[in-house]
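Thanks for coming. I will go through a few parts of this structure, and you can follow along on the screen.

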Amino acid sequence: MLRNDIQKDMIDLYLKELAKEFKRITGRKISAEIIIVGGGSVLLNYDFRMNSVDVDAFNTYDSAIKDAAKLVADKYNLSQQWLNDDFKKTPSYSPRLRQYSSYYKTFSNVLEIRTISREYLVAMKMVSGRKYKNDLSDILGILYYHYKNNDEITYQQIEKAIVDLYGNFDRIKGDVVEFVKTAIENKTFVDGYNLQKETEQSIKDNLIQFEEKYENVLSEDNVDDIINKLSEW
């Protein structure tokens, strides 16, 4: 049976297997590099999420990496897209991400894994800002993780991260900015994570029902308007 998501306790194994297959295919002794973002980066850096639909990454342009990823998918019954760079087509991508990434591990002496964390991951999640995904709950989880570990993230640090990655706030919706400001000022991330997860699941369920009733209507351009309309019904 095909596995529908990536589990936190399995992701290192998949990356280790990816490195082994990459090394076998190429015979390379020079390290390749992958920078993991999104849900995959949350799994690698934090303890509040146990799974992700896939692993968003870049610098996977090397055909050998893609071939190795397919072999890992076959071995562990994963989606052929378990590792992909589709996020590069979204507003959350920035060519500056490499500059603000952090070293995670090197597997088989050939594959270096880097991740995005702290305020830079919050900045990416703010740009995505999807109410029906994990973006807002991930933000709360990240803020709370650092708060409870005496490494609190300030809004000023997040502002700087947004400018570092994107130059300005043009990609971020105003209600997302207010959501993050309120979370930091009022410490709502302490008790708000589970509630936000429930809200996201409820919105997702409503959108699924909407799509079943009105086919080929929902799109990225109108999803927020539809979510607002559904909340009024």
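Let me start with Glu 21, which touches Ala 68, Leu 71 and Val 72, leaving aside residues up to four places away in sequence. Glu 21 is found in helix α1. Buried or exposed: which of these does Glu 21 count as? Buried, because its relative accessibility is 17% and the cut-off for buried is under 20%. Keep in mind throughout that this is a predicted model.

Now follow the chain out of that helix. Between α1, residues 11–26, and β2 there is a loop, and Ile 30 lies in that loop. Ile 30 has a relative accessible area of 68%, so Ile 30 is exposed; the cut-off for exposed is over 50%. What is the spacing between Ile 30 and Val 110, in sequence and in space? They are 80 residues apart in sequence, yet 5.8 Å apart in space, taken C-alpha to C-alpha.

Next, the strands. In β2, 6 of the 6 residues are buried, so the rest of the structure largely encloses this strand. In general, side chains of a regular strand alternate between the two faces of the sheet. In β2, Ala 32, Ile 34 and Ile 36 point one way, while Glu 33, Ile 35 and Val 37 point the other way, and all of them are buried.

What does β2 pair with? One partner is strand β4, residues 55–58, in the antiparallel sense over 3 bridges. There, Ile 36 stands opposite Ala 57. Another partner is β7: 5 bridges join it to β2, residues 32–37, and these two strands run parallel. Ala 32 stands opposite Leu 111 of β7, and Glu 33 has Glu 112 of β7 as its bridge partner.

Lys 105 has Ile 113 in β7 as its bridge partner. The hairpin of β6 and β7 has 3 residues between the strands, and in that hairpin Ser 108 takes a positive phi near 55°.

First, helix α4, residues 118–128, and helix α6, residues 155–166: they pack at an angle of about 70°, with axes 8 Å apart. They are therefore roughly perpendicular to each other, and their crossing is right-handed. Among the residues making the contact are Tyr 120, Val 122 and Met 126 of α4, and Ile 158, Ala 161 and Leu 165 of α6. By class, the contact of α4 with α6 divides into 11 nonpolar, 1 polar and 4 charged residues.

Then there is helix α5, residues 135–148, with helix α8, residues 189–213. The angle between α5 and α8 is about 160°, and their axes are 9 Å apart. How are α5 and α8 oriented to each other, roughly? They are roughly antiparallel, because angles over 145 degrees count that way. Their crossing is left-handed. Among the residues that meet are Leu 136, Leu 140 and Tyr 144 in α5, and Phe 189, Tyr 193 and Lys 197 in α8. This contact has 8 nonpolar, 4 polar and 3 charged residues.

That is what I wanted to show.

Note on methods. Residues numbered from 1 in each chain as written. Heavy atoms only, no water. Pairing = 2+ DSSP bridges. Helix = DSSP H or I, 4+ residues; strand = E, 2+ residues; numbered from the N terminus. Buried < 20%, exposed > 50% of the residue type's maximum accessible area, 1.4 Å probe, protein only. Contact = heavy atoms within 4.5 Å. Axes fitted to C-alpha atoms, helices over the stretch in contact; angles between N-to-C directions. Parallel < 35°, antiparallel > 145°, perpendicular 65-115°, else oblique. Left-handed = near helix turned anticlockwise from the far one by under 90°. Nonpolar A, V, L, I, M, F, W, Y, C, P; charged D, E, K, R; others polar.
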